[in-house]
Amino acid sequence: TPCTRSEVRGGLEEYSAVQGGVVAVNLLMTLLIVSGALRAARELHRSMFWALMCAPMRFFDTELSGRIMNRLVADLTSIDNQVPAILAKVLVSVVYFISVIVMVSVYAPIALPV
């Protein structure tokens, strides 16, 4: 039997609500990733700066300034490249886990532990 117009509309409304939720979760994840990466880079930069400021003068006599700068830039580049990817993987895993729990609780509540 063909579907009625209200059945089709109800399915579209559910689909639209789910897609709206997906967009909202992706936006939230992106904001969390960006803020986490900025916080990590800021903390690393701050700790490296203070480590250099507290270093004895003989360190600067023995190490070339270009080598120090290259090391700082390499460490910051590493943080800028790796931290967002790791945060994204963690957040995606958490969101998938929560979505599985929600789906099981909605469609098969008997499978949940009491």
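This is a conversation between two colleagues about a predicted model of a protein chain.

Colleague: Let's start with the overall fold. What pattern does the protein chain follow along the sequence?

Modeller: The pattern is α-α-α; the chain has three helices and zero strands.

Colleague: And how confident was the predictor, in terms of mean pLDDT?

Modeller: The mean pLDDT of the chain is 82, with 88% of the residues at 70 or more.

Colleague: Happy with that. Now, what makes the pair Phe 49 and Trp 50 edge-to-face?

Modeller: Two values settle it. The ring centres are 5.3 Å apart, and a pair needs centres within 6.5 Å. The planes stand at 75°, and over 60 degrees counts as edge-to-face, so that is the name this pair gets.

Colleague: How many aromatic pairs does a search of the whole structure find?

Modeller: It finds two. In the other one, the rings of Phe 59 and Phe 60 also have centres 5.3 Å apart, with planes at 80°, so this pair is edge-to-face as well.

Colleague: Why is Trp 50 called exposed?

Modeller: Its relative accessible area is 51%, and exposed means over 50%. Trp 50 is therefore exposed.

Colleague: And why does Phe 49 count as partly exposed?

Modeller: Phe 49 has 38% relative accessibility, which falls between the 20% limit for buried and the 50% limit for exposed. Phe 59, at 30%, is partly exposed too, and so is Phe 60, at 33%.

Colleague: Let's turn to the nonpolar core. Which residues form the largest one?

Modeller: There are five: Met 48, Leu 52, Ile 68, Leu 72 and Leu 76.

Colleague: Which residues does Leu 72 contact, leaving aside its neighbours within four places in sequence?

Modeller: Those are Met 48 and Leu 52, and both of them belong to this core.

Colleague: Which residues of H3 are buried?

Modeller: Ile 68, Leu 72, Leu 76, Val 83 and Leu 91 are the buried residues of H3. Across the whole chain, buried residues make up 11% of the 114 residues.

Colleague: What about Leu 87, buried or partly exposed?

Modeller: Leu 87 lies in helix H3. Its relative accessibility is 27%, and buried would need under 20%, so Leu 87 counts as partly exposed.

Colleague: What does Leu 87 touch, not counting residues up to four places away in sequence?

Modeller: Leu 87 touches Ile 33, Gly 36 and Ala 37. Leu 87 and Met 29 are 58 residues apart in sequence, yet 9.0 Å apart in space, C-alpha to C-alpha.

Colleague: What share of the contacts with a separation of 6 or more comes from residues 24 or more positions apart?

Modeller: That share is 74% for the protein chain.

Colleague: How do you know that the span of H3 is close to the expected one?

Modeller: H3 has 43 residues and reaches 63 Å from its first C-alpha to its last. The expected value, at 1.5 Å a residue, is 63 Å.

How values were computed. Residues are numbered from 1 along each chain as its sequence is written. This is a predicted model: local features need pLDDT of at least 70, side-chain atom pairs count only at pLDDT 80 or more; totals for chains, interfaces and linings use all residues. Side-chain values use heavy atoms; hydrogens and water are left out. A nonpolar core is a set of buried Ala, Val, Leu, Ile, Met, Phe, Trp, Tyr and Cys residues joined through side-chain atoms within 4.5 Å. Buried means under 20% relative accessible area, exposed over 50%, partly exposed in between (1.4 Å probe, protein chains only). Contact means heavy atoms within 4.5 Å. Helices (H or I, at least four residues) and strands (E, at least two) are DSSP runs, numbered from the N terminus. Rings of Phe, Tyr and Trp (its six-membered ring) pair if their centres lie within 6.5 Å; planes under 30 degrees apart count as stacked, over 60 as edge-to-face and the rest as tilted. pLDDT is the predictor's confidence in each residue, from 0 to 100. The expected span of a helix is 1.5 Å times one less than its number of residues.
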